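The following paragraphs lead through a single model, moving from individual positions to the chain as a whole. Please keep the sequence and the coordinates in view while reading.

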Amino acid sequence: MVNVTQVSISFNSFSPLCSDKSVMRNLQQPDHKAEISPYQPQPPSQPRLSKFSKNGSVEETVRTRRLKNSQESLSDPTETGSSTDSLRDDQTAPARGGLILSSAATVRKNQDSNVRPRSAVTRGSPVFRDRGSSLSEYERTPPSQQSDPTDHHVRSTKVRLSPVQATGPLPTLEKSFASASLRVANRIDRDCLDYAVLAREKLGERLHRNLSDSRLLENMGSDSASVNSMRSTYSVLSPIRPQDVRNRSFLEGSVLGSGALLGAEELDRYFPDRRVGIYVATWNMQGEKGLPANLDDLLLPTDSEFAQDFYIIGVQEGCPDRREWETRLQETLGPYYVMLYAAAHGVLYLTVFVRRDLIWFCSEVEHGTVTTRIISQIKTKGAVGITFTFFGTSFLFITSHFTSGDAKVYERILDYNKIVEALALPKGLPDTNPYRSTPSDVTTRFDQVFWFGDFNFRLSKDRIDVETIMNRTANGDMGPLLEHDQLCKEMNDGSIFKGFQEAPIHFLPTYKFDIGCDIYDTTSKQRTPSYTDRILFRSRQADDIKVVKYTSCSSIKTSDHRPVIGAFQVKLRPGRDNIPLGAGQFDRGLYLEGIRRRITRELKRREAMKNQSSSSTICTIS
């Protein structure tokens, strides 16, 4: 064992130029009893070894390298410790008056017995606890069992900073934390994303029990980019027990019964907020044979985020080929929708499309017609209505064409009165609330009623005055024009459409245009622009119908009328299984033809793009 003499060197006499030779000269002095100074410099903290480094040679190499760097830093009193070490370790600081320098042999001798205290972060963090295998055997020893030769001589003069604690509650995580590109590429249907939030906000409504929606959203954030994971992990279809298959009968259900096909359990599974999307379109086609090349703007406007559950299209003065019109509608809506029913009264067409996975909750469909002409064989004016029950809510859709003429307001009121009295609906479907029905008004026999069409009500103003008002309107404010609207006046007086409402109008008059352009009538008659095409609605319960969109489709110009479209969210209620179900019936032939045309159109489009790209690569040499 080599005894060495420790030499005290003042900071004033200590120089970075002090070499190992001067140290060795001091070490060659006569032997004295070795003593441990409280100011003996400590070796640096031992590095955290990787979990893959388990042999002692690697650990010794790392220690030696750190020791060498530490010895070199002793030459500068300002570099006796790093900021990291000051936060992590209980190391001793040098005294102001002097520095005790030991020999390399003593340092090497004491390094194995030196203690590397673990900080509070290391001892308390569960992350470091889980990584205990990466610590050496000495580091895994409890602090109470470790020995430090300097502990009984001196306390640490360094101040160890306490971990930083949050002064307040941490900010909540954003509800949708996917990137913008993923959010657009993998957008989840609003029915899936928002129902859990809606259920918590509305205390009176039951939580959604669909595995693909609520159970997943309760355990994770609503990441709109996880749609593929949701589909792969959870199924929309609930598991069915064999005993339920043996006992369940859809013909013996009730509103309170858990086994009812149209009951609350099924309703909440498909519509947790109990609202269904209804899309209504009305258009006077002027009897044109040629249909628009594309009906996407009519049924699938680009400013709509989601498609609706039902599409109801009413046409006045329809094209001669009604089947072609229905096929074009099916081609536009694609494979997600099927035609539930279609009815006609002369050139009045009414068509209902529904999402194919909702068809099982529809009752049988009934329709009725009324003519308002004196000669009943002339079926250009009148109405056609379609009714059905969806879950426990009854619907009535009416499209009509009233008498034309600027001054024939009274005749139009007569048309309305005749329709509400003569339209014989429902025929076999049960009334969901017979106590609120009136025999003389068909619109009182249903929960939700939509009446739309060419009502032919005009603006009671000269054309010059109307055009002057239109030029002065700004930001879609059509109030000055509607002050002269005949329909608004009659509805306010209570002489027509009792109990009906209309959404605010923010679009220009839809009649009468020159074909193919946005110029109002330039013929010799110079007809006054008017709001002849309208969509009205009423419900038995207040606030059952909420308006999402109400506007005109200005891109379709094959008629002197512009189509009017409306999107609505309608309240649903559970029902009984005593209604005659439609049993999933739809027009299969129309569905296949529409899909075939859609595929053919897509193949032609791809072929045209391929030819265009190949022709653009051909170079001609003149």
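Thr 282 is buried, with a relative accessible area of 0%; here buried means under 20% relative accessible area, exposed over 50% and partly exposed in between, with a 1.4 Å probe and protein chains only. The model is predicted, so local features need pLDDT of at least 70 and side-chain atom pairs count only at pLDDT 80 or more, while totals for chains, interfaces and linings use all residues. Residues are numbered from 1 along each chain as its sequence is written, and side-chain values use heavy atoms, with hydrogens and water left out.

Thr 282 belongs to strand β3, which covers residues 275–284. Strands (E, at least two residues) and helices (H or I, at least four) are DSSP runs numbered from the N terminus. Leaving out residues up to four places away in sequence, Thr 282 touches Gly 314, Gln 316, Phe 452, Gly 453, Asp 454, Arg 534, Ile 535, Pro 563 and Val 564, where contact means heavy atoms within 4.5 Å. With one of these, Gln 316, the side chain of Thr 282 makes a side-chain to side-chain polar contact at 3.1 Å. A polar contact is a pair of N or O atoms within 3.5 Å; within protein, one must be able to donate a hydrogen and the other to accept it, and residues adjacent in sequence count only if both atoms are side-chain atoms.

A polar atom of its side chain lies 2.8 Å from the backbone oxygen of Asp 441. Beyond four places in sequence, Thr 444 is in contact with Arg 436, Ser 437, Thr 438, Arg 538 and Arg 540. The C-alpha atoms of Thr 444 and Pro 434, 10 residues apart in sequence, are 9.2 Å apart.

Two further spans carry an annotation: an unreviewed UniProt entry lists residues 336–354 and 383–402 as "transmembrane region". UniProt positions are given in the numbering used here, feature names are shortened, and annotations may be inferred rather than shown by experiment. In the model, residues 336–354 are 0% helix and 84% strand, with end C-alpha atoms 8 Å apart. Residues 383–402 are 0% helix and 85% strand, and their end C-alpha atoms lie 9 Å apart.

Across the protein chain there are 20 helices and 13 strands. Of its 622 residues, 43% count as buried. Among contacts between residues at least 6 apart in sequence, 73% join residues at least 24 apart.
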